[in-house]
Number of protein chains: 2
Amino acid sequence: MARARVHIRLKEGILDPQGKATLGALKSLGYEEVKDVRVGKYIEMELENGSKKQLESRVNEMCERLLANPIIEDYWLEVED
Amino acid sequence: MARARVHIRLKEGILDPQGKATLGALKSLGYEEVKDVRVGKYIEMELENGSKKQLESRVNEMCERLLANPIIEDYWLEVED
């Protein structure tokens, strides 16, 4: 089995309400050293074996079509075959 | 500014409905090579500078108290000072 790891994060400058809420909650618990929080997604996939290059290309396509919203999100991926 | 990256993922054996839904959607788009999907969280934080050891200990505490649910989730973190 090959494995892919995908990170998805809102682009810089896009408001992140979940991050802001988390920042507020951390501050109210006394973690005053926290200055900013951004919350993104981390996706792990198991895939049938294939060439690393082909798997990367397929997972990239999955991100473009379904997993991420390329207008407001950045993503990056790693594949282990 | 120091930076922390936190990954949070459901423990092995805990049902992941969001992962299952994503798997189904990928299959319906023709990505038959995908065998399993797990969806977790990726959190980036900016923090006031401090010693790496102390920052790690504080962020670990934030995970235990607020960010993760240690009963059903695993988490791991990296700090860059």
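1. Is Ala2(A) buried or exposed? Ala2(A) is buried, at a relative accessible area of 0%. (Buried means under 20% relative accessible area, exposed over 50%, partly exposed in between, with a 1.4 Å probe and protein chains only.)

2. A word on the basis. This is a predicted model, in which local features need pLDDT of at least 70, side-chain atom pairs count only at pLDDT 80 or more, and totals for chains, interfaces and linings use all residues. Residues are numbered from 1 along each chain as its sequence is written, chains are lettered from A and ligands numbered from 1 in the order written, and side-chain values use heavy atoms, leaving out hydrogens and water.

3. Ala2(A) sits in strand β1 of chain A. Strands (E, at least two residues) and helices (H or I, at least four) are DSSP runs, numbered from the N terminus. Residues touched by Ala2(A) include Met45(A), Leu55(A) and Glu80(A); contact means heavy atoms within 4.5 Å. Glu80(A) lies 78 residues away along the chain, yet the two C-alpha atoms are 5.6 Å apart.

4. The sheet is open and has 6 strands, ordered β3(A)-β1(A)-β2(A)-β2(B)-β1(B)-β3(B), with antiparallel pairing. (Strands pair if DSSP finds at least two bridges between them.) β3 of chain A and β3 of chain B are the edges; each has a single partner strand, so one side of each lacks a neighbour in the sheet.

5. Within chain A, β1 (residues 2–10) and β2 (residues 34–47) run antiparallel, joined by 7 bridges. Arg5(A) has Glu44(A) as its bridge partner in β2(A).

Conventions:
Lists of a residue's contacts leave out its neighbours within four places in sequence.
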